[in-house]
Amino acid sequence: MTDMEKLFREQNMESDSYTAEEPTEKKEIVSEVVNELGTVASGTKVTGNITTKGHLAVSGTVVGDISAKGNVIVTGTVRGKISCSSLMLEDCSLNTEITASDCVIVKEGVKITGRIFCKDITVMGSIAGDITASGKVGLSKEATVRGNITAAAIGVAVGAKLEGNLSIR
């Protein structure tokens, strides 16, 4: 099972339906995550924003913002903001702002410049920017963070580098 499959299965993606609220004067549809995977393949360049109710894998280049109700995996390039449920970054360098309602995984070798807002984050790569986590932050021995960290809890492995302020709330 690939990392992508594991991440998606962990997020309980059984549902591919939506629910509507009781009929009122204004009809509002509350949508759930759709169990579909969109792909920006290696060698492909998308210019413009991407919005999906499903999941997205980016191996190519996206010049624009990404908004996904599901999970996003980036092994390519994104020049824009990323907003999603969970995010896994592998073999990429990004200059972006990230907002994830659940977890962010920054694998070894990844370089991020920009702010990150999430529930939980595990860092094995390099981040130049502030991290704000409502849950926990984990820094592995390979991690480098140049920025401030605000979180409910933090775990720092021996060898991790942190240049900035730390605030536990």
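Mentor: Two strands pair if DSSP finds at least two bridges between them; strands (E, at least two residues) and helices (H or I, at least four) are DSSP runs numbered from the N terminus. The structure above is a predicted model, in which local features need pLDDT of at least 70, side-chain atom pairs count only at pLDDT 80 or more, and totals for chains, interfaces and linings use all residues. Residues are numbered from 1 along each chain as its sequence is written, and side-chain values use heavy atoms, without hydrogens and water.

Trainee: Which residue in strand 18 stands opposite Ile-105?

Mentor: Strand 15 and strand 18 (residues 120-123) run parallel and are joined by 4 bridges. Within strand 18, the residue opposite Ile-105 is Thr-122.

Trainee: Which residue in strand 15 stands opposite Leu-89?

Mentor: Strand 12 (residues 87-89) runs parallel to strand 15 (residues 103-106), and 3 bridges join them. In strand 15, the residue opposite Leu-89 is Val-106.

Trainee: In what order do the 5 strands of the open sheet stand?

Mentor: The pairing in this open sheet is parallel. Its edge strands, each pairing on one side only, are strand 13 (93-95) and strand 25 (161-163). The order of the 5 strands is 13-16-19-22-25.

Trainee: Which residue in strand 22 stands opposite Ser-126?

Mentor: Strand 19 (residues 126-128) pairs with strand 22 (residues 144-146) in the parallel sense, over 3 bridges. The residue of strand 22 opposite Ser-126 is Thr-144.

Trainee: The side chain of Asn-148 reaches the backbone nitrogen of which residue?

Mentor: Asn-148 lies in the loop between strand 22 and strand 23 (149-151), and counts as partly exposed because its relative accessibility is 31%. Not counting residues up to four places away in sequence, Asn-148 touches Gly-129, Asp-130, Ile-131, Gly-164 and Asn-165 (contact means heavy atoms within 4.5 Å). The side chain of Asn-148 reaches, at 2.9 Å, the backbone nitrogen of Asn-165.

Trainee: How far apart in space are Asn-148 and Gly-164, C-alpha to C-alpha?

Mentor: Along the sequence, Asn-148 and Gly-164 are 16 residues apart. Their C-alpha to C-alpha separation in space is 4.8 Å.

Trainee: How many disulfides does a search of the whole structure find?

Mentor: A disulfide is a pair of cysteine sulfur atoms within 2.5 Å. Cys-103 is buried at 16% relative accessibility, and its sulfur is too far for a bond because the closest cysteine sulfur, in Cys-118, is 8.4 Å away. Cys-92 is also buried, with a relative accessible area of 5%. The number of disulfides found in the whole structure is 0.

Trainee: What pLDDT does the protein chain average?

Mentor: Here pLDDT is the predictor's confidence in each residue, from 0 to 100, and 82% of the residues score at least 70. Over residues 11-30 the pLDDT is below 50. Where pLDDT is low, the predicted coordinates should not be read in detail. The average for the protein chain is 86.

Notes: Buried < 20%, exposed > 50% of the residue type's maximum accessible area, 1.4 Å probe, protein only. Polar contact = N/O pair within 3.5 Å; in protein donor to acceptor, adjacent residues only side chain to side chain.
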